[in-house]
Amino acid sequence: MQAIDNLIRYSLGRLNLLTFVHTLLVQFLDTPLSFVQGYQHLMLVGPPGSGKSQYSNVLAQLYGALCIVADVDIKDGVARVKEKFPSDFIATYVGQTAPQTRDILVQSLEKVLLIDEAYGLTETGSSGKNKDDSYGHEAVNEIVSFLSTHMGQMIVIAAGYKEEMVKFRTSNVGLARRIPRVIQLAAIDGSTATRAFEL
């Protein structure tokens, strides 16, 4: 696929995406049962302009082509992730966040779910998304539990800035195990981004 080729050739991330895609393909083709029974979720971390959303869409195309997920959304002929933000998971009242989070996850089965600015689930303070981070931690707990019981039924990509995502990844003892892969990206200019994600 041209998009995958462009993704690999123009990646400026510290972790070479060619290695990631190659490893994914080898694992999937050599031991497909073991592959789907493991956690294949990942984090994309990088500064603004590093193409996290675009990378996620191209990876969704790859996962769909390999039938790792069965229901990739297509818009204008291009694969799209199911994109959500922390505010989509966090409810207004105590006790509503877990059911609301679970509803999003159920709707994302057999899809690629992108949680953009995922660190906002556990971030507090004047710049944070939550007045009470217990709501965000409730959402994270539900995500961890759901991924444990629905292994191989969806792909979750959590994206955000590096420092914030490091804190997010350690905010729950089970999160790093459920989302084991971390791909670091670097900023790319507009013309490079355009070429990198052309289909």
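Because the model is predicted, local features need pLDDT of at least 70 and side-chain atom pairs count only at pLDDT 80 or more, while totals for chains, interfaces and linings use all residues.

**The whole chain**

Begin with the protein chain in a cartoon view, where there are 10 helices and seven strands; helices (H or I, at least four residues) and strands (E, at least two) are DSSP runs, numbered from the N terminus. Of the 199 residues of the chain, 48% count as buried, where buried means under 20% relative accessible area, exposed over 50%, and partly exposed in between, with a 1.4 Å probe and protein chains only. Among contacts with a separation of 6 or more, 77% are between residues 24 or more positions apart, a contact being heavy atoms within 4.5 Å.

**The sheet**

Next, select the five strands that form an open sheet in the order S4-S5-S6-S1-S7, with parallel pairing. S4 and S7 (181-184) stand at the edges with a single partner strand each, so one side of each has no neighbour in the sheet. From one strand to the next, the twist averages 20°. Strands of a sheet pair through backbone hydrogen bonds, either parallel or antiparallel, and two strands count as paired here if DSSP finds at least two bridges between them.

Now select strand S5 (residues 112-116), where five of the five residues are buried, so the strand is largely enclosed by the rest of the structure. Val112, Leu114 and Asp116 lie on one side of S5 and Leu113 and Ile115 on the other, and both faces are covered.

Select Met43 to find its bridge partner in S7, Val182.

**Two crossing helices**

Select helix H6 (residues 97-107) and helix H7 (residues 133-149), whose axes come within 9 Å and cross at roughly 40°. That makes H6 oblique to H7. Axes are lines fitted to C-alpha atoms, for helices over the stretch in contact, and angles run from 0 to 180 degrees between N-to-C directions; those under 35 degrees count as roughly parallel, over 145 as roughly antiparallel, 65 to 115 as roughly perpendicular and the rest as oblique. To see where the helices meet, show side chains including Leu105 and Val106 in H6 and Ile143 and Phe146 in H7.

**Two loop residues**

Finally, select Cys67 in the loop between helix H4 (52-65) and strand S2 (73-75). Although Cys67 is not a glycine, it has a positive phi of about 60°. Most residues other than glycine have a negative phi. Cys67 is exposed, with a relative accessible area of 63%.

The last stop is Glu110, in the loop between H6 and S5, which has a positive phi of about 65° although it is not a glycine. Glu110 counts as partly exposed, at 27% relative accessibility.

Conventions
Residues numbered from 1 in each chain as written. Heavy atoms only, no water.
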